[in-house]
Amino acid sequence: MMKRLLSLCLWTMFSLPLAVAASPEAPDRMIERLSVEILEKIKSDGALQAGESKKLNELIDSTVMPHVDFRRMTALAVGRNWRTATPEQQKQLMAEFRTLLIRTYSGALSSVGDQKVRMRPLRANPQDTDVIVRSEVLQPRGEPVQLDYRMMKASDGWKIYDVNVLGVWLVETYRTQFAQEVSAGGIEGLLRSLSEKNRQPPQNRS
Amino acid sequence: MSRAADCRAAASRVAPLFVALSLAGCATAGGASAGRDPLEPLNRAIFGFNDAVDRAVLKPVAQAYQDSLPVEAREIVGNVFGNLADLWTAANQLLQGKPAEAASDLSRFVLNSTLGFAGLADIATPAGFEKHREDFGQTLGRWGIPTGPYLVLPLLGPSNFRDAPARVVDAQGDLVLTIDSEGQRAGAAVLRVIDERAGLLRGERLVEGAALDRYAFIRDGYLQRRRNQVYDGNPPPSPDDDSGYDPADDPEGPAAPPPAPQPTPAGNR
């Protein structure tokens, strides 16, 4: 009896620290930490709120991108045509898509103020490697804004590969549009449309 | 310029009905959406018409409304219409078999109509009664009725074969339309449209910047959002959600995830 108890104690002592070291930060905890961090940075930085692109790019590169599998995100949006793109085209697609998304969302940063992020319960098993993390942005007025993330476990931690705002997934929304451009003008056609779009003057804001 | 872009350029120049004919040729380019949007040529024409009306009339009015009224006043307007809508939301919650939500939305209506001065103030939200929006289209969805094809309604915008007829039922539950005086009823209905349109001004700029094809962007966003609303934010995986891309086929793709840890042996339980 004692022997079994002792071995259980030993087993616990050795396996617990190992388990902690081996399992990366849980996906929902990671989103919570990042959300708070980014909201704080934007609130405390007027240049970011004004959508200043250099600062914004720095913030995204340092804080967001390490946790995003942007290659997967772009590939999923391009769909089955991704495999027909050359490695060079794939790189360009990722760069243009990134510019498009940053341009789009930088305009929304000016309205960041009193928002808080509330995590919704994670419905996943510990052994899952592909999960949906759900959160809500609480505003001083109006309904909460649903904000969800698709995440995948990679060798170096969890990576975001799709975002859902108000029930609309980013990748799915671009998929049809990308497919339209590819079927009309091939991958080159899609690249042209994206870079045309990115060269247009930014939208006026109020 | 791509074919899709040609179509858009044409749509903005020519009279809508004519566009319906000329678009029939190029809209087939979006084969990916054929299943959900078999009426795409017609829908694009109506979309173009709605857009023209919006640019000429509704948007300038909404912009003027937003610029001239202080934010507090607009909030009061939104609260009043929101409060009237809460009662119909509660009824739909009940029809969807969600008595707890129905009770919460009914409480919102009672609280805001009394202590909130006939709905001028939304005191129910800070008191912990979260705002919901339910309509009869969502109720039908909850009952298992599929959306059918996508449909753009003249002046009313994105809809589908399930939600468009459901609007007739929604109109029966619309308290604004029960106002006795015809003049006041019309005035209230117009004010509500302007208020809702003003609320879209910011989001619209986002779509403007984000979309390669505004029509497809709005359609795909609308269909996803409706599905999400039917399931109150927790939709089951969608059959549309298959991109045909498999990261396992991508030689330069990200490293495959580590194998899932095996379930722990029985001895640990």
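Me: In this predicted model, which residue in β3(A) does Glu136(A) stand opposite?
Reply: Strand β2 of chain A covers residues 130-138 and strand β3 of chain A covers residues 145-154. The two strands pair in the antiparallel sense over eight bridges. In β3(A), the residue that stands opposite Glu136(A) is Gln146(A).

Me: Which residue is the bridge partner of Ala154(A) in β4(A)?
Reply: β3(A) pairs in the antiparallel sense with strand β4 of chain A, residues 157-165, over eight bridges. These two strands form a hairpin with two residues between them. The bridge partner of Ala154(A) in β4(A) is Gly157(A).

Me: Which residue of β2(A) is the bridge partner of Lys116(A)?
Reply: The pairing of β1(A) with β2(A) is antiparallel and extends over four bridges. Within β2(A), the partner of Lys116(A) is Leu138(A).

Me: Which strands of chain A stand at the edges of the sheet, each with a single partner strand?
Reply: The open sheet has five strands in the order β1-β2-β3-β4-β5 of chain A, with antiparallel pairing. Each edge strand has a single partner, so one side of it is left without a neighbour in the sheet. The edge strands of chain A are β1 (116-119) and β5 (168-169).

Me: Are α5(A) and α6(A) roughly parallel or roughly perpendicular to each other?
Reply: The axes of helix α5 (residues 70-78) and helix α6 (residues 87-106), both of chain A, come within 10 Å and cross at roughly 95°. Angles of 65 to 115 degrees count as roughly perpendicular. The relation of α5(A) to α6(A) is therefore roughly perpendicular.

Me: How many nonpolar residues does the contact of α5(A) with α6(A) have?
Reply: From α5(A), the contact is made by Phe70(A), Arg71(A), Thr74(A), Ala77(A) and Val78(A). α6(A) contributes Leu93(A), Met94(A), Phe97(A) and Arg98(A). By class, two residues of this contact are charged, one is polar, and the nonpolar residues number six.

Me: On which residue is the kink in α7(A) centred?
Reply: Helix α7 of chain A, residues 170-199, has 30 residues, and a straight helix would reach 44 Å at 1.5 Å a residue. The end C-alpha atoms of α7(A) are only 21 Å apart. The helix has a kink of about 125°, centred on Gly185(A).

Me: Which residue in the turn between β1(B) and β2(B) has a positive phi?
Reply: In chain B, strands β1 (residues 150-153) and β2 (residues 157-160) run antiparallel and are joined by four bridges. One of the pairs is Val152(B) with Pro158(B) in β2(B). The strands form a hairpin with three residues between them, and the turn residue with a positive phi, about 70°, is Leu155(B).

Definitions and conventions: Residues are numbered from 1 along each chain as its sequence is written. Chains are lettered from A and ligands numbered from 1 in the order in which they are written. This is a predicted model: local features need pLDDT of at least 70, side-chain atom pairs count only at pLDDT 80 or more; totals for chains, interfaces and linings use all residues. Axes are lines fitted to C-alpha atoms, for helices over the stretch in contact, and angles run from 0 to 180 degrees between N-to-C directions. Angles under 35 degrees count as roughly parallel, over 145 as roughly antiparallel, 65 to 115 as roughly perpendicular and the rest as oblique. Two residues are in contact if their C-beta atoms, placed from the backbone, lie within 7 Å. Ala, Val, Leu, Ile, Met, Phe, Trp, Tyr, Cys and Pro count as nonpolar, Asp, Glu, Lys and Arg as charged, and the others, Gly among them, as polar. Two strands pair if DSSP finds at least two bridges between them. The expected span of a helix is 1.5 Å times one less than its number of residues. The bend at a residue is the angle between axes fitted to the seven residues ending there and the seven starting there.
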